[in-house]
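Subject: Structure handover

Hi,

Here is the structure I promised to pass on to you. Have a look at it first, and then read my notes below.

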Amino acid sequence: MKDIKAKILSNKKVSHAYYNMSLDAPYIARAAKPGQFVQIKCSDSMEPLLRRPFSIHRLKAKGSRLEGIEILYEVVGKGTKSLSKKREGEFLDVMGPLGSGFSLHRPLSLEPRAIIIAGGIGAAPLVYLAEELKKNKIKTIVLIGAKTKGFILCEKDFKKVTSEVYVSTDDGTYGCKGFVSKLFRKILKTTESKFETVVYVCGPAGMLRCIADICRERNFECQESMEEKMACGIGACLGCVVETKSGNKLVCKDGPVFDAKELIW
Ligand SMILES: Cc1cc2nc3c(=O)[nH]c(=O)nc-3n(C[C@H](O)[C@H](O)[C@H](O)COP(=O)(O)OP(=O)(O)OC[C@H]3O[C@@H](n4cnc5c(N)ncnc54)[C@H](O)[C@@H]3O)c2cc1C
Ligand code: FES
């Protein structure tokens, strides 16, 4: 992990309140694993004082050289609003890569299968994961859920990685109508069960819980990326505790990715 001054290579609005920022950060890109995050000082002023955590959305390469990272973020408050106003060429204080990330090991099976489930801005860490799964030749299915059509994120990015991308919206304006957990059950009914399945999830807490329940019923391994408010991001302030079956854990250091079977809801 390093604390660097990273030059902003681009900062573009993707849709609604969503932005994509590229940062010149070759060290972080070389050290990063899918599911890890960075802490960014979003403003030069005292407000907000604390850095904000953002998942590493994907790596940015120029030819064969890893140039930096991308983050995908939603403007929700002071820090992210300030970030959205930053311009190409400005510098940001960025610390990372942080946290444990997803485990990509192939299950002890001849037929491994990954199911990625993204809810809203939860798509952010999962594109990089999908790209790594493809490199590892693991068959991957992607389910994306959002409240309405305009809030579906990264569909094109996921389609570059796998032909099996399914979408649901709560209001039925695009894809299947209903929550992505309903779509997950539907997909499980229609796909073969010969695969040794690992499910990777990021999204709102209610969704994580529903998906964890379905995975428990099916005895699937399920890795969930959790969100907690963070201050230090490095395990020093004890401000991001989550209760697990093996005691209290820190989302920033022990996570943000946890085995769903370990979590106490
Ligand atoms: C490990 C990790 C990875 C994350 N990755 C991303 C990402 O890739 N893209 C992205 O858009 N967001 C991500 N987040 C959430 C992001 O950190 C918060 O949205 C951001 O800190 C809000 O800062 P703010 O100053 O704009 O909002 P604030 O003014 O601090 O808060 C505005 C609203 O956002 C809520 N909020 C603040 N922090 C969090 C948080 N950590 N989790 C959930 N709700 C929060 C507050 O309760 C409040 O309702 C991640 C969070 C964690 C812990
Ligand atoms: S944010 Fe300080 S311990 Fe996790």
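Predicted model: local features only at pLDDT ≥ 70, side-chain atom pairs only at ≥ 80, totals over all residues.

**Ligand 1**

I began with the surroundings of the ligand. Ligand 1 has 20 residues around it, and the closest are Arg52, Pro53, Glu74, Gly79 and Thr80. Several backbone atoms come within polar range. For Glu74, a backbone N or O atom is 2.8 Å from an oxygen atom of ligand 1. Ser55 places a backbone N or O atom 3.0 Å from a nitrogen atom of the ligand, and Gly77 has a backbone N or O atom 3.1 Å from a ligand oxygen atom. On its own, ligand 1 exposes 860 Å², and the protein buries 76% of that.

**Ser43**

Next is a serine in a loop. Ser43 sits between strand 3 (37-41) and strand 4 (52-55). Is Ser43 buried or exposed? Its relative accessible area is 8%, so it counts as buried. The side chain of Ser43 makes a polar contact of 2.8 Å with the side chain of Ser45, and it also reaches the backbone oxygen of Glu47 at 3.3 Å. Setting aside neighbours within four places in sequence, Ser43 touches Pro48, Ser82 and Lys86.

**Asp93**

Asp93 belongs to strand 7 (residues 91-98). With a relative accessible area of 21%, Asp93 is partly exposed; the cut-off for buried is under 20%. Its side chain has a polar contact of 3.2 Å with the side chain of Arg51. Beyond four places in sequence, the contacts of Asp93 include Asp3, Ile4 and Lys5, as well as Gln39, Ile40 and Lys41.

**Helix 3**

Why is helix 3 (residues 126-135) described as largely enclosed by the rest of the structure? Because 7 of its 10 residues are buried. These are Leu126, Val127, Tyr128, Leu129, Ala130, Glu132 and Leu133. Among the elements covering them are strand 5 (58-62), strand 8 (112-119) and strand 9 (139-146), along with helix 4 (155-161) and strand 12 (196-202). After helix 3 comes Lys137, which has a positive phi, near 60°.

**The cysteines**

I also checked for disulfides, and the count is 0. Cys215 is in none; its nearest cysteine sulfur belongs to Cys222 and is 3.8 Å away, against a cut-off of 2.5 Å. For Cys154, the closest cysteine sulfur is in Cys202, and at 11 Å that is too far for a bond. Cys154 counts as buried because its relative accessibility is 12%.

As for where Cys215 sits, it is in helix 6 (residues 205-218). Cys215 has a relative accessibility of 1%, so it counts as buried too. Leaving out residues up to four places away in sequence, Cys215 touches Phe184, Val199, Phe220 and Cys222. Its C-alpha atom is 9.5 Å from that of Thr197, a residue 18 places away along the chain.

That's everything from my side for now.

Cheers

Key: Residues numbered from 1 in each chain as written. Chains lettered and ligands numbered in written order. Heavy atoms only, no water. Helix = DSSP H or I, 4+ residues; strand = E, 2+ residues; numbered from the N terminus. Buried < 20%, exposed > 50% of the residue type's maximum accessible area, 1.4 Å probe, protein only. Contact = heavy atoms within 4.5 Å. Near = heavy atom within 4 Å. Polar contact = N/O pair within 3.5 Å; in protein donor to acceptor, adjacent residues only side chain to side chain. Areas by Shrake-Rupley, 256 points an atom, 1.4 Å probe, with all protein chains shown as cover.
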